[in-house]
Amino acid sequence: MGRLKTIGRRAFLVGSTAVVGGVAFGFYLYKKPVENPLLADLGSDEAALTPYVKIDAEGVTLITPRADKGQGAYSVQAAMIAEELDVELDRIRVDPGVPSPAYWNRALADEAVPFAATDQGAMATAARGTVGAVMKIMGMQVTGGSSTVADGFEKLRIAGAVARETLKAAAAQKTGVAVASLRSQGGAVILPDGTEIPYQELAADASRIEPVTEVVLRQPEQWRLIGKPMLRVDTVAKSTGTLDYGIDAKLDGMVHAAVVLNPRQGGVLSGYDASAAKDMRGVKKIVPVTGGVGVIADNTWRAFQAAAAVECDWGPAVFAPEMADHWAELEQAFDTDPDSRGRDEGDVENTLGQTPLTSEYRAPYLAHAPLEPINAVVLIKDGRVDVWTGTQVPRFTQNNVAAIAGVEPEQVHIHAQMMGGSFGHRLEDEVARRCTELAMEMKGVPVKLTFSREQDFSHDYLRPAAIARMRGAVEGGTVKALDLAVSAPSVLTSQMAERQGMPMPGPDSSISQALWDQPYGIENYRVTAHRAQNMAPVSSWRSVGASQNAFFHEGFLSELITAAGGDQLEQRIALCTDDVSRRVLETVGEMSDWGRELGPDRGRGVAFCMSFGTPVAEVVELTNTPDGIRIDNVFVATDVGRVIDPVNFENLVQGGVVFGLGHAMNCEITISDGGIEQTNFHEYEGMRLYQCPQITVKALEHNSRIRGIGEPPVPPAAPALASAIFDATGVRLREMPFNKFVDFL
Amino acid sequence: MKLTVNGADYALDVEPEMPLLWVLRDELGITGPKYGCGIAQCGACTVHIDGMAVRSCSVEVGAVDGEVTTIEGLGTRESLHAVQAAWIEHQVAQCGYCQSGQIMAAASFLEMNSEPTDEDIDAAMSANLCRCGTYPRIRAAVKTAAAKLNGA
Ligand code: FES
Ligand code: FES
């Protein structure tokens with residue numbers, strides 16, 4: 001045990017100094033190193049050289065703490081470690097690890113401060129550091145904000161390098177050969193005579209020496225993996241039906257559960273009658289849960305059937321009952337004091353003139369609707385709680401489950417499961433909470449709770465509905481004044497304060513995300529955010545505020561450029577104040593041969609959005625056929641600084657475009673009688689394969705910081721589509737979904 | 001009740017109206033077929049009955065009158081079906097949750113139409129939803145699989 005203590009003290013990584021070519025976290029409160037969580041249950045011949053690398057007799061395990069919801073996070077994290085550790089991706093295992101403060105997410109903190117991503121000034125940098133310190137102290141192990149690569153790019157490569165050099169030092173000690181003449185390759189240290197010592201055989205020795213913390217990271221020209229096409233670690237399993245998602249978890253003696261919750265979301269259960277349901281085949285128990293009733297049975301379908309047979313008496317709506325009320329709330333919010341004014345340059349009031357252009361834009365509520373309905377398995381036994389669930393917030397879930405089960409958080413063991421999508425839904429943990437309530441009634445028995453698709457839809461936490469009111473003026477062929485006001489409910493308050501109990505004082509910058517922080521130089525430019533009250537509970541939805549605000553900003557900018565008689569692309573390039581973004585715009589112009597003759601009934605549109613520090617420009621080309629609009633081509637140019645895996649990168653960008661276009665075309669969530677009206681995919685279709693355009697992607701690498709790509713391709717899709725529809729048909733779309741106004745093929 | 005799945009025979013004691021999907025998943029532990037919508041909208045649950053692609057969420061087990069094949073029975077890591085090999089070559093999957101169903105739909109479709117046009121592929125594969133938007137890669141993988149099945 002003495003050994004563990006010594007290593008525990010040196011659980012370095014975060015807070016380490018003197019890492020050549022890497023980060024040197026230094027001067028804040030967070031200097032104090034955090035415990036390496038891998039040391040807690042290590043066998044005697046195992047070594048956990050950093051919180052990210054574990055080596056035992058079976059081989060090398062890379063810990064990939066950012067959740068994989070389909071975006072390839074495990075692979076990309078593993079690749080960053082493997083690059084320096086000199087192991088092959090098909091020879092290692094990945095493990096999401098356990099919830100631990102060691103895995104706090106620094107890049108996410110960068111988004112939580114009121115400085116534009118392009119702002120690298122001293123104030124902005126200092127503020128990001130402070131928020132980062134707070135997140136570290138709170139141990140925010142969160143997957144979100146397209147931050148996995150941004151957060152891990154240095155950290156994970158350093159982890160790999162530290163582990164490699166420590167293994168080499170151990171080999172030197174063991175063999176008497178000088179470290180300088182040792183190499184590493186394919187998961188082994190190689191002696192000058194060619195003898196290979198597998199890392200496994202060095203693990204015990206390595207655990208007894210001081211880790212080597214002075215490491216030099218490899219230069220890009222030396223990289224074997226990064227930047228080259230790689231086979232994702234989960235591709236084969238996902239192509240053979242052998243990958244187990246949370247919904248596939250199988251435990252001995254497991255029972256299957258369903259819930260029926262108050263359709264007036266968040267409303268209470270006033271009473272219920274289970275007499276018809278309780279004698280149905282396979283039913284074991286019917287119990288009340290928060291806001292509804294749970295049925296525990298021996299088969300999911302039987303649980304669904306019985307849940308439908310429970311007669312419930314539901315409490316009243318807890319927010320404005322009808323959709324019209326929600327729009328009215330959004331309208332009223334414009335009359336309230338601003339939540340923030342992210343930008344106020346020049347003199348908007350005096351330059352708008354007597355007859356400014358004005359427009360009102362609207363975006364509806366949306367559901368996350370990942371294809372895997374939310375689910376969890378919980379086993380409560382002898383004061384210990386085990387939870388198998390897909391989650392982007394394991395630490396929150398641990399605390400929430402502990403509170404329900406009446407145990408200390410340390411007694412709750414989260415087993416992170418692969419997710420069949422998330423789009424933000426797995427930042428919530430209502431399914432784990434409900435499942436814990438059910439498991440309390442079935443101690444000693446693992447309970448799997450699967451939300452039916454209908455329950456998943458009707459109890460999702462939504463992408464905010466929002467309204468933008470915009471005014472602008474043009475002069476001399478360009479935009480002279482732009483005044484943007486937006487009204488939306490606060491995601492931070494709803495998601496973090498109300499559901500996770502984390503106080504969120506101050507303005508919510510996501511309300512005007514992608515409005516105030518765009519790299520355009522307009523002389524008179526003002527952005528005001530208003531916070532709407534009494535709305536449905538809202539949540540982070542793939543690209544958060546940018547998902548609706550890019551449509552507002554770019555849609556209205558297109559109107560102004562049209563009014564100025566300018567070219568949509570040339571004007572954007574002329575207004576752009578950021579070199580990296582300007583190149584992205586120029587590149588999408590070259591890719592699409594912007595300006596070439598398109599032929600009759602065709603149209604094109606361009607839109608740009610910088611979100612999470614990643615600039616993305618998209619050009620949509622379409623044809624207005626007699627049977628409806630057919631989207632032919634989408635060209636995407638972006639810049640994340642460094643592409644780790646070009647294959648997965650292209651797939652994510654294409655998927656983001658499909659996601660953005662599909663929701664803009666035909667998706668909305670509406671409220672009636674205090675509840676969500678849409679119940680399944682026939683009322684919330686998204687894009688189908690036959691509607692999918694050719695999508696051509698180009699990644700530049702000029703961004704000075706490494707950025708993520710999970711969300712940024714989504715925001716420009718809707719405004720580029722709207723602009724192309726205007727070009728082809730003359731119809732200006734100011735409200736989503738567009739199929740309310742035009743037909744699609 | 002008897003059921004043949006991936007070549008193995010099972011004796012079942014379940015309600016005949018239980019959807020095949022839940023028999024496979026919860027009674028037999030065959031979880032390659034996924035639950036996505038339960039109402040024949042998404043295709044995640046697609047399996048074959050005598051080679052024909054069906055939505056197992058919407059087929060009552062009592063009505064099954066042929067051999068059931070799930071993704072697990074189509075091919076394995078060691079001996080991949082041509083469609084699975086193409087799915088790996090093109091790295092189609094993101095979350096992958098829809099892909100069992102996509103692969104089963106494609107395999108059955110190519111069985112019936114060995115030289116599909118782009119329009120044929122679009123029509124055949126549009127009943128399967130992919131929330132992650134992997135459609136461009138699905139198209140490419142179906143073409144590769146078709147070529148391989150034709151010995152090209
Ligand atoms: S689950 Fe069967 S089609 Fe969706
Ligand atoms: S890959 Fe996620 S739903 Fe298709």
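Modeller: Leaving aside neighbours within four places in sequence, T4(B) is in contact with D9(B), G66(B), E67(B) and V68(B), where contact means heavy atoms within 4.5 Å. This is a predicted model, in which local features need pLDDT of at least 70 and side-chain atom pairs count only at pLDDT 80 or more, while totals for chains, interfaces and linings use all residues. Residues are numbered from 1 along each chain as its sequence is written, chains are lettered from A and ligands numbered from 1 in the order in which they are written, and side-chain values use heavy atoms, with hydrogens and water left out.

T4(B) itself lies in strand 1 (residues 2-5) of chain B, where strands (E, at least two residues) and helices (H or I, at least four) are DSSP runs numbered from the N terminus. T4(B) counts as buried because its relative accessibility is 19%; buried means under 20% relative accessible area, exposed over 50% and partly exposed in between, with a 1.4 Å probe and protein chains only. V83(B), 79 residues away from T4(B) along the chain, has its C-alpha atom 23 Å from that of T4(B).

Elsewhere in chain B, D50(B) sits in the loop between strand 3 (46-49) and strand 4 (52-55), and although D50(B) is not a glycine, its phi is positive, at about 50°. D50(B) counts as exposed because its relative accessibility is 53%.

The link from chain B to chain A can be followed through aromatic rings. Over all chains there are 14 aromatic pairs, counted where ring centres of Phe, Tyr and Trp (its six-membered ring) lie within 6.5 Å, with planes under 30 degrees apart called stacked, over 60 edge-to-face and the rest tilted. One of these pairs, Y245(A) with Y97(B), is edge-to-face, at 5.3 Å centre to centre and 85° between the planes. That pair crosses between chains, running from the loop between helix 7 (235-239) and strand 8 (255-261) of chain A to the loop between helix 3 (82-89) and helix 4 (99-112) of chain B. Both Y245(A) and Y97(B) are buried.

Another edge-to-face pair, Y361(A) with F552(A), has its centres 6.5 Å apart and its planes at 75°. It links distant parts of the chain, 191 residues apart, with Y361(A) in strand 14 (residues 357-363) and F552(A) in helix 16 (residues 546-564). Y361(A) is buried because its relative accessible area is 0%, and F552(A) counts as buried, likewise at 0%. Together with F551(A) and F738(A), these two residues form one aromatic cluster.

The peptide bond from M736(A) to P737(A) is cis, with omega near -5°, and P737(A) is found in the segment after helix 20 (717-729) of chain A. The structure holds eleven cavities of 30 Å³ or more, a cavity being a set of points on a 1 Å grid over the protein atoms alone where a 1.4 Å probe fits but cannot get out, with lining residues having an atom within 4 Å of a point. The largest cavity has a volume of about 100 Å³, volume being the space filled by probe spheres set on points joined across faces, edges and corners. Of the 13 residues lining the largest cavity, those closest to its centre are S547(A), G660(A), H663(A), A718(A) and M736(A). The largest share of that lining, four residues, comes from helix 19 (residues 646-666) of chain A.

For the chain as a whole, 65% of the 745 residues of chain A count as buried, and among contacts between residues at least 6 apart in sequence, 77% join residues at least 24 apart.

Terms used
On a 1 Å grid over the protein atoms alone, a cavity is a set of points where a 1.4 Å probe fits but cannot get out, and a pocket is an open set with protein on both sides within 12 Å along at least five of seven lines; lining residues have an atom within 4 Å of a point.
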